[in-house]
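User: I am new to this structure and would like to go through its architecture step by step. Please look at the sequence and model with me.

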2 protein chains.
Amino acid sequence: MNLEVNRNKAVVLVSGGLDSATCLALAKDAGYSCYALSFDYGQRASSELKAAGQLTSSIEVIEHKTVKLDMGQIGGSALTDKDIAIPEQKSTGIPITYVPARNTVFLSYALAWAEVVAADAIYIGVNFLDYSGYPDCRPAYIKAFQNVINLATKTGVEGGIINLVTPLIDLTKGEIIKAGVRLGVEYSLTVSCYQATEGGLACGRCDSCRFRKQGFQEARVEDPTRYSDKST
Amino acid sequence: MNLEVNRNKAVVLVSGGLDSATCLALAKDAGYSCYALSFDYGQRASSELKAAGQLTSSIEVIEHKTVKLDMGQIGGSALTDKDIAIPEQKSTGIPITYVPARNTVFLSYALAWAEVVAADAIYIGVNFLDYSGYPDCRPAYIKAFQNVINLATKTGVEGGIINLVTPLIDLTKGEIIKAGVRLGVEYSLTVSCYQATEGGLACGRCDSCRFRKQGFQEARVEDPTRYSDKST
């Protein structure tokens with residue numbers, strides 16, 4: 001019963017949101033044993049992290065680590081700095097919710113863990129279409145980070161490869177939701193809102209809520225999101 | 001007296017060792033206003049961090065931040081895992097003191113801070129010749145990370161550049177020391193040893209001590225390192 005031998009390992013970034021939940025389900029569906037990685041980086045919505053914990057109970061993983069990051073000390077974003085308000089109108093350009101170098105920091109840790117557990121893939125649920133204007137969600141960025149992976153690691157030096165996999169990169173929110181529903185993802189467990197309440201209620205008005213709402217409409221799937229009374 | 005206007009800003013990685021001390025002096029000498037960045041990542045030698053603090057008192061910086069990293073949780077290195085012994089013989093290949101993805105994690109934070117303070121350079125004291133076999137000290141790696149910088153950031157999207165500067169990359173340890181002495185670096189304040197005592201005494205036997213000793217010999221500069229009695 002040596003089933004583990006032929007199964008590949010993947011480190012999967014799991015924020016607790018809709019995209020990363022789908023990403024985890026896709027990694028499992030591709031046959032990977034998954035190592036889920038979450039970050040506590042001073043984001044406003046701590047209910048997002050609770051959601052990550054519930055998700056990795058609902059979708060089986062080998063291990064789930066939550067790494068505490070000191071990004072609030074660096075500052076510069078509405079997501080980590082409580083003095084900057086979350087915008088509720090559609091913004092142009094790169095929004096104030098952009099956290100400087102966030103995906104680069106996340107992927108660096110994922111890379112470190114991938115080396116330690118000898119994973120051959122890193123899954124990240126970045127999305128280019130609904131990317132909200134973040135530069136570190138673009139395909140060119142992912143390609144550049146893959147090159148860093150190849151050159152940075154003992155694995156790379158020894159001829160191995162750690163693939164950076166972005167299964168959602170060119171899907172619409174509706175397509176992502178359809179893929180997840182097919183794989184049985186419980187979206188009621190996920191939290192996407194930038195300013196969700198402690199109990200996980202969504203505001204319904206921030207960029208992230210707007211994309212999510214439109215996604216369920218597009219997928220013709222009933223929206224299981226729990227909105228706060230104030231939202232419309 | 002608007003002297004600040006024309007001065008450029010650099011984020012400089014300062015570990016408290018000989019290389020990063022020289023790197024900081026070189027960044028200052030190049031006219032940069034420096035933002036020193038250190039990491040508390042569970043490294044054995046906490047005296048290294050004390051040294052970083054003393055250095056940034058000795059070489060004037062705008063600000064010195066020490067970011068706490070949760071790398072011990074990721075594991076996999078003799079520098080962060082107390083159950084793995086520091087080797088005292090010269091090793092072949094990539095040594096066990098290699099911390100998976102360490103420079104990638106460090107540079108990610110440096111990049112985040114560089115965006116926030118609008119720096120146009122990041123200085124890192126990596127060295128290829130004496131690089132101890134670490135893959136993330138090679139020129140090809142630095143080039144790959146520069147590409148990530150260009151694509152990851154709001155600065156990059158808006159047409160700006162944050163240059164990744166590696167002034168020590170092809171210098172011998174002796175050349176590094178000569179450059180530092182010329183700029184008045186107080187090497188007695190620096191700690192390079194992988195297993196220095198709380199008080200900053202060096203073992204004299206680990207890879208890092210060996211390179212440092214040879215460097216002072218090569219530079220014909222008196223070695224100001226405080227060795228523990230046990231070292232030869």
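User: Which residue of β4(B) does V11(B) stand opposite?

Analyst: This is a predicted model, in which local features need pLDDT of at least 70, side-chain atom pairs count only at pLDDT 80 or more, and totals for chains, interfaces and linings use all residues. Residues are numbered from 1 along each chain as its sequence is written, while chains are lettered from A and ligands numbered from 1 in the order in which they are written. Strands (E, at least two residues) and helices (H or I, at least four) are DSSP runs numbered from the N terminus, and two strands pair if DSSP finds at least two bridges between them. Strand β1 (residues 9-13) of chain B runs parallel to β4 (residues 121-123) of chain B, with 3 bridges joining them, and the residue opposite V11(B) in β4(B) is I122(B).

User: What is the order of the strands in the open sheet of chain B?

Analyst: The edge strands of chain B, each pairing on one side only, are β3 (63-68) and β5 (163-165). Neighbouring strands of the sheet are turned by 25° against each other on average, direction ignored; axes here are lines fitted to C-alpha atoms, for helices over the stretch in contact, and angles run from 0 to 180 degrees between N-to-C directions. The pairing is parallel and the 5 strands have the order β3-β2-β1-β4-β5.

User: Which strands of chain B does helix α1 touch?

Analyst: Contact between two residues requires their C-beta atoms, placed from the backbone, to lie within 7 Å. The direction of α1 (residues 18-29) of chain B makes about 170° with that of β1(B). This helix packs on the sheet and touches β1, β2 (33-40) and β4 of chain B.

User: What handedness has the β-α-β unit made by β1(B), α1(B) and β2(B)?

Analyst: The two strands, β1(B) and β2(B), pair in the parallel sense over 5 bridges, and L13(B) has L37(B) as its bridge partner. A crossover is right-handed if, with the strands pointing away from the viewer, the path from the first strand over the helix to the second runs clockwise. The unit of β1(B), α1(B) and β2(B) is right-handed.

User: How many of the 8 residues of β2(B) are buried?

Analyst: A residue is buried if 20 or more other C-beta atoms, placed from the backbone, lie within 10 Å of its own. On its β3(B) side, β2(B) pairs in the parallel sense over 6 bridges, with A36(B) opposite H64(B). Strand β2(B) is largely enclosed by the rest of the structure, because the number of its residues that are buried is 6.

User: What do the buried residues of α4(B) pack against?

Analyst: The buried residues of this helix include Y141(B), F145(B), V148(B) and L151(B). They pack against elements of both chains: α3 (102-117) and α4 (139-152) of chain A together with α3 (102-117), α5 (154-157) and β5 of chain B.

User: By what turn can chain A be laid on chain B?

Analyst: Copies are superposed by least squares on the C-alpha atoms of residues with pLDDT of at least 70 in both. The RMSD is 0.0 Å and the shift along the axis is 0.0 Å, with a turn of 180°. The two copies are thus related as by a two-fold rotation axis, and the turn asked for is 180°.

Terms used:
A residue is buried if 20 or more other C-beta atoms lie within 10 Å of its own, exposed if 12 or fewer, and partly exposed in between; C-beta atoms are placed from the backbone.
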